[in-house]
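Welcome! Here is a short briefing to read alongside the sequence and the 3D view.

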Amino acid sequence: MSDLIKTPKILNSKECLTLSPTCISQKLRTHRALVGDDVTIRRALPHRDRKTIGAWCFLDHFGPLDLTNTEGLRVGPHPHIGLQTFTYPLVGEILHRDSLGSKQKIQPGQINLMTAGKGISHSEESLPDTILHGVQLWIALPDGVRHMEPNFIHYENIPSLKLDNLQINILAGEFLNLVSPVKVYSPLVGLELIAMEDTTTNLPLNPKFEYGILPLIGNIEIANEIVDIDTLLYLSCSKPSMPVRVKKGSRILIIGGEPFQEDILIWWNFVARTKEEMIEAANAWNNHTTFGEVKGYQGKELTPPPLK
Ligand code: MN
């Protein structure tokens with residue numbers, strides 16, 4: 001996906017409310033954003049009041065969208081630096097192409113992980129006549145690896161376990177000693193809870209992590225408070241567990257990680273440390289110097305908005 005806001009400002013990861021020691025949760029309302037030409041999605045991160053949860057720095061929840069008899073979701077070639085894109089569909093298929101020559105269809109239950117490092121470009125398109133529902137997240141790369149060579153990995157199978165009547169898919173990191181194969185570069189976790197029946201349980205947490213909880217279908221009750229589909233619930237660190245109640249059929253995304261200590265800047269499709277790096281990357285994309293070429297995509301590439 002790509003940030004298509006016409007005149008995005010550079011966002012600084014430290015520009016948000018600081019929680020007082022007694023305040024351990026924050027309800028963040030998702031906002032609507034445009035992806036592709038006319039597809040509206042819920043954007044949970046970055047949020048005015050919170051830019052990162054662990055190294056997770058971007059979270060789009062798209063769909064369910066009925067794309068039959070439409071152009072579909074078509075995000076033309078665009079560049080990324082300094083981050084990993086993490087794509088996880090619940091329904092429908094997306095075709096990914098990138099400047100390394102990858103051409104990969106992704107289906108529900110699978111993950112596409114593109115590590116931009118020093119620079120990559122890609123396109124994403126839905127397949128004809130489909131319903132599309134899923135999430136795309138970005139993970140900020142720590143300074144030590146953010147200039148690495150780019151790569152793309154498709155994960156066919158994601159480990160899962162049962163806890164009471166929850167199926168828990170381990171999308172990234174580790175949960176109850178089950179480790180996701182998804183290659184990340186900082187301590188973080190990504191989980192999906194699927195309630196097979198109405199379930200009340202205590203979900204173990206890593207006390208070193210902060211967390212974000214976002215319903216994708218249905219809702220979740222945490223400590224007697226309902227979190228709905230338009231809300232990302234943020235929880236600060238030091239919780240060993242949380243009581244949850246989930247209704248049958250609900251699907252809940254949970255992300256977490258050690259608070260990301262580096263000050264990052266987020267603008268358009270770039271994660272960097274200085275405005276100069278942003279300008280350099282935008283110029284490199286406009287001049288076709290360092291981001292390679294996405295072959296086979298029928299349509300226009302995206303151009304960066306003016307940098308304020
Ligand atoms: Mn993208």
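Buried means under 20% relative accessible area, exposed means over 50%, and partly exposed is anything in between, using a 1.4 Å probe and protein chains only. By that rule, both tryptophan 285 and phenylalanine 291 are buried. This is a predicted model, in which local features need pLDDT of at least 70 and side-chain atom pairs count only at pLDDT 80 or more, while totals for chains, interfaces and linings use all residues. Residues are numbered from 1 along each chain as its sequence is written, and side-chain values use heavy atoms, with hydrogens and water left out.

**Confidence**

- pLDDT is the predictor's confidence in each residue, from 0 to 100.
- The protein chain has an average pLDDT of 92, and 93% of the residues score at least 70.
- Residues 16-23 are a stretch to treat with care: pLDDT stays under 50 there, and the model has 13 contacts for them beyond four places in sequence (a contact means heavy atoms within 4.5 Å).
- Where pLDDT is low, the predicted coordinates should not be read in detail.

**Aromatic rings**

- Rings of Phe, Tyr and Trp (its six-membered ring) pair if their centres lie within 6.5 Å; planes under 30 degrees apart count as stacked, over 60 as edge-to-face and the rest as tilted.
- Searching the whole structure gives 8 aromatic pairs.
- One of them joins tryptophan 268 and phenylalanine 270, whose ring centres are 5.5 Å apart with planes at 90°, so this pair is edge-to-face.
- Tryptophan 268 counts as buried because its relative accessibility is 2%, and phenylalanine 270 is buried with a relative accessible area of 0%.
- Tryptophan 285 and phenylalanine 291 also make an edge-to-face pair, with 6.0 Å from centre to centre and 75° between the planes.
- Which residues make up the aromatic cluster here? Trp267, Trp268, Phe270, Trp285 and Phe291 form one cluster.
- Elsewhere, arginine 50 lies over the face of tyrosine 234, at 3.7 Å from the ring centre; a charge sits over a ring if NZ of Lys or CZ of Arg is within 6 Å of the ring centre and within 35 degrees of the ring normal.

**The sheet of 7 strands**

- Strands (E, at least two residues) and helices (H or I, at least four) are DSSP runs, numbered from the N terminus, and two strands pair if DSSP finds at least two bridges between them.
- The order of this open sheet is S2-S23-S20-S25-S18-S15-S14, with antiparallel pairing.
- Its edge strands are S2 (25-29) and S14 (160-163), each of which pairs on one side only.
- Neighbouring strands of the sheet are turned by 25° against each other on average, direction ignored; the axes are lines fitted to C-alpha atoms, for helices over the stretch in contact, and angles run from 0 to 180 degrees between N-to-C directions.
- Why is strand S18 (residues 188-195) described as largely enclosed by the rest of the structure? The reason is that 8 of its 8 residues are buried.
- S18 is covered on both faces, with Leu188, Gly190, Glu192 and Ile194 buried on one side and Val189, Leu191, Leu193 and Ala195 buried on the other.
- S18 pairs antiparallel with strand S15 (residues 166-172) over 6 bridges, and glycine 190 in S18 stands opposite alanine 172.
- S18 is also joined to strand S25 (residues 251-257) by 7 bridges, again antiparallel, with leucine 188 partnered by glycine 257 in S25.
- S14 and S15 run antiparallel and share 4 bridges; leucine 161 stands opposite isoleucine 168 in S15.

**The sheet of 4 strands**

- This open sheet has the order S19-S24-S21-S22 and antiparallel pairing.
- S19 (199-204) and S22 (225-227) are its edge strands, each pairing on one side only.
- From one strand to the next, the twist averages 35°.
- Strand S21 (residues 220-222) and strand S24 (residues 241-246) run antiparallel, joined by 3 bridges; glutamate 221 has arginine 245 in S24 as its bridge partner.

**Backbone details**

- Leucine 45 and proline 46 are joined by a cis peptide bond with omega of about -10°, and proline 46 is in the loop between strand S4 (39-45) and strand S5 (56-66).
- Another cis peptide bond joins glycine 63 and proline 64, with omega of about 0°; proline 64 is in strand S5.
- Aspartate 164, in the loop between S14 and S15, has a positive phi near 50° in a residue other than glycine.
- Asparagine 177 is not a glycine, yet has a positive phi of about 70°; this asparagine 177 is exposed, with a relative accessible area of 70%.
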